[in-house]
Amino acid sequence: MCGIVGYIGRRDVAPLLLEGLQRLEYRGYDSAGIVVTTPKAAGLKMVKAKGRVRDLEAKVPARFKGTTGIAHTRWATHGAPSDINAHPHMSADNKVAIVHNGIIDNAGDLRKKLEADGVEFLSETDTEVLTHLIARSQAETLEEKVRQALRVIEGTYGIAVMHADFPDRIVVARNGSPVVLGIGEKEMFVASDIAALVTHTRQIVTLDDGEMATLKADDFRTYTTEGTRTTAEPTTVEWEAASYDMGGHDTYMHKEIHEQPDAVDRVLRGRIDDRFSTVHLGGLNLDAREARQIRRVKILGCGTSYHAGMIGAQMIEELARIPADAEPASEFRYRNAVVDPDTLYVAVSQSGETYDVLAAVQELKRKGARVLGVVNVVGSAIAREADGGMYVHAGPEVCVVSTKCFTNTTVAFALLALHLGRTRDLSVRDGKRIIEGLRRLPGQISEILEREDEIKKLAEEYAEARSMLFIGRVRGYPVAREASLKLKEVSYIHAEAYPASELKHGPLALIEPALPTVAIVPDDDLLEKNRAALEEIKARSGKILAVAHQEQEKADRTIVVPKNEDELDPILLGIPLQLLAYHTALVLGRDIDKPRNLAKSVTVE
């Protein structure tokens, strides 16, 4: 996996594809490559390079002309990063080229069979298997050659294929990994992410799993992998190319942290119903009678989305009084969980394409469960598969590390909790209280961001740590989990999170002056319990940074955060820790927008 760009039309294709790859750099990758041709060319021309897109661009010769091409940024799954393992992969006769996101599960067996037939492999990748299968097909059309190859593979894929004998087309297919078509004026585009398309067109078609497409300069058609024609109507993308620019910031992460007041305002806009002290969430496709029949809520997500789900589950229990919990989708889908018809399942994913979450949704749907999606990308796979849901309207998030989308997702869960609560037993008074708290959030986030210089100084102090412990109790624990993850992702400092109540059951053994503890200390009914945990750490000479609503006497440093309603406080408590992770990484000279080994949209297992 990671990023696919393709074009067919009249323009010089190489600069266009390289620009598209640059717009996909945020997804994380280790190598890149490009293949081009023209209708009159005798074959395909390819350049690949380990490293960044700029390294590929430096290798592309001046006379590298073409009007059709495909390109790729790779995040290694099979084979170490290298020029040879980079995509595209080409057949020995230079006729077939392919780029691929996903994993071919039976690649080992297919490779052995092909080698027994005399095929020589150049790379260690699973993708090269597909190249040879297509090249060896005796079918008369490129579409059928690709279809025959796909019939024998097992796994996930988003692919784009070129063939020297069919220079007038690109054939693409999807199963579990996103493929988006861009519809232009006598030109067509394909990409794995709309970020690569919005500069050139806002008319897109998103393929479904099991769907293929043929792109020609003046037309496209879609069909299933069995050959049955499908109907695909283009939709208009709301996001514009300017949304993907840095806007004067040094990094996308910094920009996106500072976009959070506006982003939160967007997720609230048009959804609040003051008359009945509730919210409008028509996209749930869940009427009041059905909402009252829910006996449990199960939230599924991965990484940051899982942590947002943990906060969401607590808000649903507190406001709607429905038992709720969150679980990693990557675990849920493998443990043969009992699917209860009275349980509402909520799938959370920033991209809407996270494979583990999508697979869990598909399994739940197969078993007859009701599934809602909470996603950021309109028209994404999870949004289409779910029975209903909510868009979080965070806008494009380019940095691999999620900040504004996490915050908007937690706010979306607050809206869902309020909606479910008001259909049940939450009073008008409490509904009004929560609405007033939601409206205060953008301004309070701005207050926190205004203290960035103070947090920057703290980061300079804590950047020397080799490991950090994050603790929180009940509402504070998911905040600690997410803050720990942020620090790990972007600074590479080891960190772990633990419930504050569990300190004496083991983690106190770690406490020493060299291990700083970040404590989440909200001013709620557990304030004294949290202060007792600080006492335990201080008694063992531990260094403490508190994130709280007031100065904490036992802490060495305190970041004071504005107070909101108790149920909404977790949304604010995590904001300064995003800045702490960012500035710690900055001190350490990390590649903040593209942390090592990580990808933005994880579309493989």
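How do the residues of the lining of the second largest pocket divide into nonpolar, polar and charged? They divide into seven nonpolar, eight polar and five charged, where Ala, Val, Leu, Ile, Met, Phe, Trp, Tyr, Cys and Pro count as nonpolar, Asp, Glu, Lys and Arg as charged, and the others, Gly among them, as polar.

1. Basis of the note. This is a predicted model, in which local features need pLDDT of at least 70 and side-chain atom pairs count only at pLDDT 80 or more, while totals for chains, interfaces and linings use all residues. Residues are numbered from 1 along each chain as its sequence is written, and side-chain values use heavy atoms, with hydrogens and water left out.

2. The second largest pocket. This pocket holds about 420 Å³ of space and is lined by 20 residues, with Thr-236, Val-237, Glu-238, Val-378 and Gly-379 lying nearest its centre. The elements that give two or more residues to the lining are β11 (203–206) and β15 (235–236), and β11 gives the most, with three residues. On a 1 Å grid over the protein atoms alone, a pocket is an open set of points where a 1.4 Å probe fits, with protein on both sides within 12 Å along at least five of seven lines, and lining residues have an atom within 4 Å of a point. Grid points are joined across faces, edges and corners, and the volume is the space filled by probe spheres set on the points. Helices (H or I, at least four residues) and strands (E, at least two) are DSSP runs, numbered from the N terminus.

3. Helix α14. Residues 428–449 form this helix of 22 residues, which reaches 32 Å from its first C-alpha to its last, close to the 32 Å expected at 1.5 Å a residue; the expected span is 1.5 Å times one less than the number of residues.

4. Helix α19. With 14 residues, α19 reaches 21 Å from its first C-alpha to its last, close to the 20 Å expected at 1.5 Å a residue. Eleven of its 14 residues are buried, so α19 is largely enclosed by the rest of the structure; among the buried residues are Ile-575, Pro-576, Tyr-582 and His-583. Gly-589, whose phi is positive, near 75°, follows α19.

5. Salt bridges between separate elements. The count comes to 47 salt bridges, each defined as a side-chain nitrogen of Lys or Arg within 4 Å of a carboxyl oxygen of Asp or Glu. In one of them Glu-259 pairs with Lys-404, the closest N and O atoms being 2.7 Å apart. This pair links distant parts of the chain, 145 residues apart, with Glu-259 in the loop between α6 (252–258) and α7 (260–268) and Lys-404 in helix α13 (residues 404–423). Glu-259 is partly exposed, at 22% relative accessible area, whereas Lys-404 is buried, at 3%. A salt bridge also joins the side chains of Glu-327 and Lys-298 (3.0 Å, N to O); because Glu-327 lies in strand β19 (residues 324–328) and Lys-298 in strand β18 (residues 296–301), the pair ties together parts that are 29 residues apart in sequence. Glu-327 counts as buried at 11% relative accessibility, and Lys-298 counts as buried at 10%.

6. Glu-489 forms a salt bridge with Lys-486, with the closest N and O atoms 3.1 Å apart, and the two, three residues apart in helix α16 (residues 476–491), are separated by about one helical turn. Glu-489 counts as buried at 16% relative accessibility, and Lys-486 at 1%. Elsewhere, Glu-143, Asp-168, Arg-169, Lys-216 and Arg-221 are linked in a network of salt bridges.

7. Backbone points to inspect. Most residues other than glycine have a negative phi, and most peptide bonds are trans. His-87 and Pro-88 are joined by a cis peptide bond, with omega about 0°, and Pro-88 lies in the loop between β4 (68–74) and β5 (89–90). Asn-336, not a glycine, has a positive phi of about 50°; Asn-336 lies in the loop between α10 (329–332) and β20 (343–349) and is exposed, with a relative accessible area of 65%. Asn-597 likewise has a positive phi, of about 70°, in the segment after α19, and counts as exposed at 63% relative accessibility.

Conventions: Buried means under 20% relative accessible area, exposed over 50%, partly exposed in between (1.4 Å probe, protein chains only).
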